[in-house]
Amino acid sequence: MTAVTADTASIVKGGSLRRSRRWALITSYVCLGLFAIFFLTPPFYALVTATKSTEEISNQNTSPWLPSMSPTLSNIETLWTQTDFPIYLRNSAVVTVCVVAITMVIAVPAAFSLGRMKFWGSGVLATGVFLTYLVPDTLLFLPLFKVVGSFGLLNSYWGLVLVYPTLTVPFCTWIMIGYFQSIPKELDEAALIDGANHLQMLFKIFIPVALPGLIAATIFAFTACWAEFVYPMAFIFTSSQQVLTAGTITTLVKADVYQWGMIMTAQLIAAMPPLILYAFLMDYYIAGLTAGATKG
Amino acid sequence: MSDTIPRTAASGNTAAAIARPGSLYRMSRQRSTIAFLFALPLLVVIGGLIVYPGVYAMYLSTLNTRMNRFIGLGNYTFLFSRDTFWMVVEQSCLFAITAVIFKALIGIVTAHLVNNLPSKGQRKWRGMLLIPWVMPLSLSTLGWRWLLDPTYSAFNWLFAQVGGPQIGWLSDPMWARFSAILVNVWFGAPFFLIMYLAALKSVPGELYEAASIDGATAWQKLIHVTLPMMRNIISITVLFSLIVTFANYDIVNVLTAGGPRNMTHVFATWAFQLGIASGDIPLGASVSLFMFPILGVCAFFILRGVRQRGREI
């Protein structure tokens, strides 16, 4: 739109607007380039370090910023064979998959009920769901320590499966309410006339139509579980039950010698699943991110 | 015309139900029972894992260390008498407010810059700039800790090449505070970028055209068109980020673990230190409850903003 106006104007005014627009564009690229350097420096530096041996890292004469002269895969090898990293990876996967499934089973029918069916108090409850989403995990971990303890699940990753829904359920319900409410009323009335019951309505009409919302909610739940740090730090004390975030930071960093090459390798591998998901489903990811404030 | 028919049918429902408690009445009763059953698991999760622990935290904060005696406000009076507590209050506020201001500024600038680009390239840039927000925060902070390492800091190496000063990023109290804020800005600014970019796209193009016809400069368009149209989303994002930043645990714990001399502790890390590491759960709970007032105030205004926005759309 603006390009078109600029073009017609440039015909009239002899190119001064086009030139100023070109300069604006170049400035934008330069500034964005600087911001991109700021945002991408840590992952880039981690990648550079991950390919170096400990000797090369501690050699202060070579630039730490340049890729290795003799790239090595020994870091991955040590990480895989001599540490508990594979166990953390497996535990993280189990916990995340369980919690994402539980979250969807709880959040989708609840959002359907609060957004479309309505019952006494459903409006207040929808607001309550949003408010509980704003309660941070750092406010809850101490009382939850007692709650998890009373279930006998301290120091077990099943305890994490119990408490992680506090991170995911409120937000997923909230954005699903928004998606369900945006579906036209005529659709469920037509289904009712055809004799569908509420479960059929949910599965045959609402879930297929609100599928983008469902994907966005799933991605959110996955990312939140994978990245959670406070709960595993508080509730898990043995390596065999630990998950990736807390495991990488407690055992690898607190070892006798800092092996930064290995630590950076672990960091990159652990950050991979959310990044891969994001690379393929970026639009859903961004839709979910912005939906929290715009829907409902 | 066609959409008025179902609506009259719906209002007929209630009239018929009152007049003759027959099948329709039963259906609406059944409907709200089913609706309640659908929402029941949600109620259990929210009640059992969020509301109950919240109330339980308040009860815990009135107990002594061994949790067998009620001491009223004893934990709070103890906290008020400690210098560390006031340092934590100061650092938490400094950390949250400074970081949110910079995140919002960087977010607004980058959102405008991305919006300036031809629409083909926008997706690519947006995708690249959001990477810090996608990486798990505790792990990317670990990357920062390596960048700021006392002996091998890559920034200090660069400074050494040009004869600049060697900075104790994590050992000097002031620089350690700066580093914690820097990491937070790095992590949070992309979230602002995405929110503002979405808001920028929702401003109707006619408004800018009208402003151009009236002879407005780019700066005037920003002040008189863009910012007023985005006011609501800006305040929601800022308040939301204030809550998240205020309650942050990952950055300070991984970067400095509260040191040097407790100078970088925020509420969350100090509560963890007292409650889990030192085993004084009631005292830790008292500290974490200090996050509650700011949370309440922010939540109130966010809710108001979200409702307003719902009406606008």
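**Loops, helices and chain contacts**

A:Asn155 sits in the loop between α7 (137–150) and α8 (157–163) of chain A. Helices here are DSSP runs of H or I with at least four residues, strands are runs of E with at least two, and both are numbered from the N terminus. The model is predicted; local features need pLDDT of at least 70, side-chain atom pairs count only at pLDDT 80 or more, and totals for chains, interfaces and linings use all residues. Residues are numbered from 1 along each chain as its sequence is written, while chains are lettered from A and ligands numbered from 1 in the order in which they are written.

The phi of A:Asn155 is positive, about 60 degrees, although this residue is not a glycine. Most residues other than glycine have a negative phi. A:Asn155 counts as partly exposed because it has 15 C-beta neighbours inside 10 Å. The classes rest on C-beta atoms placed from the backbone: a residue is buried if 20 or more others lie within 10 Å of its own, exposed if 12 or fewer, and partly exposed in between. In chain B, B:Asn262 likewise has a positive phi of about 60 degrees and is not a glycine. B:Asn262 lies in the loop between α12 and α13 (267–277) of chain B. With 17 other C-beta atoms within 10 Å, B:Asn262 is partly exposed.

Confidence was examined for the complex and for each chain. The predictor gives the complex an ipTM of 0.85 and a pTM of 0.85. The pLDDT is the predictor's confidence in each residue, on a scale from 0 to 100. Chain A averages 84, and 92% of its residues score at least 70. Over residues 1–14 of chain A, pLDDT stays under 50. For that stretch the model has eight contacts beyond four places in sequence. A contact requires that the C-beta atoms of two residues, placed from the backbone, lie within 7 Å. The mean pLDDT of chain B is 83, with 90% of its residues at 70 or more. Residues 1–19 of chain B stay under 50 and have nine contacts beyond four places in sequence. Within chain B, the lowest confidence falls in helix α1 (residues 4–19), at a mean of 42. The highest falls in α7(B), at 91.

The fold of chain B was described next. Chain B has 15 helices and zero strands. Its radius of gyration is 26 Å, well over the 20 Å that the globule rule gives for 313 residues, so chain B is more spread out than a compact globule. The radius is taken over C-alpha atoms, and the rule is 2.2 Å times the number of residues to the power 0.38. Along its principal axes, the C-alpha trace of chain B spans about 85 × 70 × 30 Å. Buried residues make up 41% of the 313 residues in chain B. Of the contacts in chain B with a separation of 6 or more, 65% join residues 24 or more positions apart.

Domain bounds come from an automatic or database domain assignment. In chain B this assignment gives domain 1 (4–60) and domain 2 (80–312). Taken over C-alpha atoms, the centres of these domains of chain B are 39 Å apart. Chain A is divided into domain 1 (2–76) and domain 2 (83–294). Their C-alpha centres lie 33 Å apart. The contact between these domains takes 10 residues from domain 1 of chain A and eight residues from domain 2 of chain A. On the domain 1 side, α2, α3 (54–58) and α4 (74–82) of chain A each supply at least two residues. The largest share of that side, four residues, comes from α2(A). By class, the domain 1 side has five nonpolar, four polar and one charged residue. Nonpolar covers Ala, Val, Leu, Ile, Met, Phe, Trp, Tyr, Cys and Pro; charged covers Asp, Glu, Lys and Arg; the others, Gly among them, are polar.

The contact between the chains takes 79 residues from chain A and 78 residues from chain B. Helix α2 (residues 16–50) of chain A gives the most to the chain A side, with 15 residues. That side has 60 nonpolar, 16 polar and three charged residues.

Helix α14 (residues 244–252) of chain A is mostly covered, with seven of its nine residues buried. Among them are A:Leu244, A:Ile249 and A:Leu252. The buried residues of α14(A) pack against α5 (85–117), α12 (211–227), α13 (230–235) and α15 (260–280) of chain A, together with α7 and α12 (250–255) of chain B. In helix α7 (residues 137–147) of chain B, 11 of 11 residues are buried. They include B:Trp144, B:Arg145 and B:Trp146.
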